[in-house]
Amino acid sequence: MGTVGVGGLGKILGWGVVFVPLSVLLLVRAGGLDGGTPLAVPVVLFPYAAVLSVLVLVLVLAVRALRSRPVIVLAALLAAAHVALLVPRFVLDRQQIPSGAAELRVATLNTHVGKADAAAVVRLVRSERIDVLAVEELPSTGVAALAKAGLGKVLPYRELHPENDSSLYSRLPLTHGGPLKADTAWPQTTARVTVGGRTVRLVAVHTYYPLGDATRWGRDMTALTEVARADGPDTVFLGDFNASLDHARMRTLLTSGGLTDSHAELGSGWARTWPVGKSPIPPLVQLDHVLHGSGLAALSVTERTVPGTDHRAVVARLALR
């Protein structure tokens, strides 16, 4: 019976170090195995794994010493599977929008326990002509700082719940406001606005975080899915979901809840909103989203940096279909 030499064993171990993590992460992502488990933490790195899988394939094909049929086949299969799961979020899904459709400009920002530069927040609202702003991690001190900076002059209507973490500011009158009735770690803030003769339901979202308690985070996402499923088409969920498009619970929220992620809809499905202000570390993952029901369509979406917070703001322009 033949034996594997030391050199051969070294190659096997070397490729194992590369292929095993890529294979495991692919299995978790494809099988939706992260839901409510600690696997929800590493699965946010799936886009990076997809890039790495393609680089590995290129390397194997380019370097003769690394080239062998089994390695090429395995590298090609992994790269193809990773890319197949990642590509849909870069495909533009342009919705039919009636001419002269009413628009709603929204933004969300995690203020990092009120540390966000209040004057910069007001400048953002003015420059982007925001109609509704959702803020997360906004304590009473943050509410006072925004008021002092003049946010009330541009967004005079408020549904403030600093005791519950999230709040809503609006240029348009807010109705049916209050804490959302859902089994979440802390109450989400909800309200309604009237746009173009239609009522749009808003939910300022901030879920628990998987690194702290993946089970609790999973229950938060499930609770939001139940709310979204019961809502009509004119609804917007925006905020810090502590979830990316690679989380199974986020994908369930979108499909079962009848929601669309504005970034993915416009083919910008790998936006990165966290962390910022951690120089030299750039933003790595998208935790902040603007999701909307089938009664709306995204016209544009972008991210903006606000000093003082570790999240980028997400600004979206939505049209009522």
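## Sorting residues by class

Ala, Val, Leu, Ile, Met, Phe, Trp, Tyr, Cys and Pro count as nonpolar. Asp, Glu, Lys and Arg count as charged, and the others, Gly among them, as polar. The structure here is a predicted model.

## The largest pocket

A probe the size of a water molecule, rolled over the atoms, shows where empty space is left. The largest pocket holds about 430 Å³ of space. Its lining is made of 21 residues. Nearest the centre of this pocket lie Tyr209, Leu211, Asn242, Trp274 and Leu287.

How do the lining residues divide by class? Twelve are nonpolar, six are polar and three are charged.

## The second largest pocket

Here the space is about 300 Å³. This second largest pocket has 15 lining residues, and Pro88, Arg89, Leu245, Leu254 and Ala264 are the closest to its centre.

By class, the second largest pocket is lined by eight nonpolar, one polar and six charged residues.

## A look at helix α8

Which residues of α8 are buried? They are Ala248, Met250, Leu253 and Leu254. Leu254 is also one of the residues closest to the centre of the second largest pocket.

An α-helix has 3.6 residues a turn, so residues three or four places apart point the same way. The cover over the buried residues of α8 includes α7 (210-230), β9 and β10 (288-292). Just after α8 comes glycine 258, with a positive phi of about 70°.

Note on methods:
Residues are numbered from 1 along each chain as its sequence is written. This is a predicted model: local features need pLDDT of at least 70, side-chain atom pairs count only at pLDDT 80 or more; totals for chains, interfaces and linings use all residues. Side-chain values use heavy atoms; hydrogens and water are left out. On a 1 Å grid over the protein atoms alone, a cavity is a set of points where a 1.4 Å probe fits but cannot get out, and a pocket is an open set with protein on both sides within 12 Å along at least five of seven lines; lining residues have an atom within 4 Å of a point. Grid points are joined across faces, edges and corners, and a volume is the space filled by probe spheres set on the points. Buried means under 20% relative accessible area, exposed over 50%, partly exposed in between (1.4 Å probe, protein chains only). Helices (H or I, at least four residues) and strands (E, at least two) are DSSP runs, numbered from the N terminus. Contact means heavy atoms within 4.5 Å.
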